[in-house]
Amino acid sequence: MALYRDSVLRPDGAAGTYEHVVVEDGVRVVALDDDGQVVLVEDDFYLQQRRVLHLPGGGRGGQDPQAAAIRELGEETGLVAGEMRPLGVIDPLPATTGARTHLFLATALRLGRTHRDETEIGMTVQRWKLTAAVEAVRAGRITEAGSVAALFLAEHVARA
């Protein structure tokens with residue numbers, strides 16, 4: 001991670017500064033089972049000072065997005081996807097960072113083993129109907145940007 005303060009020339013021609021953060025791209029995974037349930041995780045987030053309900057995911061760790069999605073799903077939930085389909089890419093904080101979040105839909109799930117790191121010790125796994133998870137977004141219960149976008153995209157795919 002790096003913080004930059006760049007000297008810039010604004011569109012009006014005036015000189016200025018622009019502060020931004022460089023972090024790696026991330027991934028979020030909608031793991032959808034045969035019963036129409038999605039797998040959500042809940043964990044403590046330092047900056048929010050609360051537990052946050054969200055989709056499995058994290059940083060790319062130098063991997064291509066799909067490999068990172070497969071790894072993160074397994075690490076956090078113990079699930080292995082028989083199929084991993086891209087849903088899209090978002091720019092969650094374009095004024096702050098150029099980092100993007102790659103969104104995936106995982107299906108044909110089977111149980112594997114979790115491999116959580118030390119920051120995920122208190123993480124819990126929940127299964128919700130996709131429709132209930134989308135309603136939780138609308139109600140403000142699920143607020144993490146990648147999870148919000150991925151759930152809406154997965155709902156659209158499920159209806160098609």
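User: Which side chain of opposite charge is nearest to the buried Asp-43, and how far away is it?
Analyst: In this predicted model, local features need pLDDT of at least 70, side-chain atom pairs count only at pLDDT 80 or more, and totals for chains, interfaces and linings use all residues. Residues are numbered from 1 along each chain as its sequence is written, and side-chain values use heavy atoms, with hydrogens and water left out. Asp-43 is buried yet has no salt bridge, where buried means under 20% relative accessible area with a 1.4 Å probe, protein chains only, and a salt bridge is a side-chain nitrogen of Lys or Arg within 4 Å of a carboxyl oxygen of Asp or Glu.

User: In which strand is Asp-43 found?
Analyst: Strands (E, at least two residues) and helices (H or I, at least four) are DSSP runs numbered from the N terminus. Beyond four places in sequence, Asp-43 touches residues including Val-52, Thr-119 and Met-123, contact meaning heavy atoms within 4.5 Å. Asp-43 itself is found within residues 37–45, which form strand E4.

User: What pattern does the chain follow along the sequence?
Analyst: The chain has three helices and nine strands. Read along the sequence, their order is β-β-β-β-β-β-α-β-β-β-α-α.

User: What percentage of the residues of the chain count as buried?
Analyst: The C-alpha trace spans about 55 × 35 × 30 Å along its principal axes. Among contacts between residues at least 6 apart in sequence, 62% join residues at least 24 apart. Of the 160 residues of the chain, the buried share is 39%.

User: Which helix covers the buried residues of H3, among other elements?
Analyst: Helix H3 comprises residues 145–159, and its buried residues are Gly-146, Ser-147, Ala-149, Ala-150, Leu-151, Ala-154 and Glu-155. Their cover includes strands E3, E4, E5, E7 and E8. The cover also includes a helix, residues 130–138, namely H2.

User: Is Arg-116 buried or partly exposed, and what is its relative accessible area?
Analyst: Arg-116 lies in the loop between E8 and strand E9. Leaving aside neighbours within four places in sequence, Arg-116 is in contact with Glu-75, Glu-76, Met-123 and Val-125. Partly exposed lies between the buried limit and exposed, which is over 50%. Arg-116 is partly exposed, with a relative accessible area of 30%.

How values were computed:
Lys, Arg positive; Asp, Glu negative; His and termini not counted. Expected span 1.5 Å × (residues − 1).
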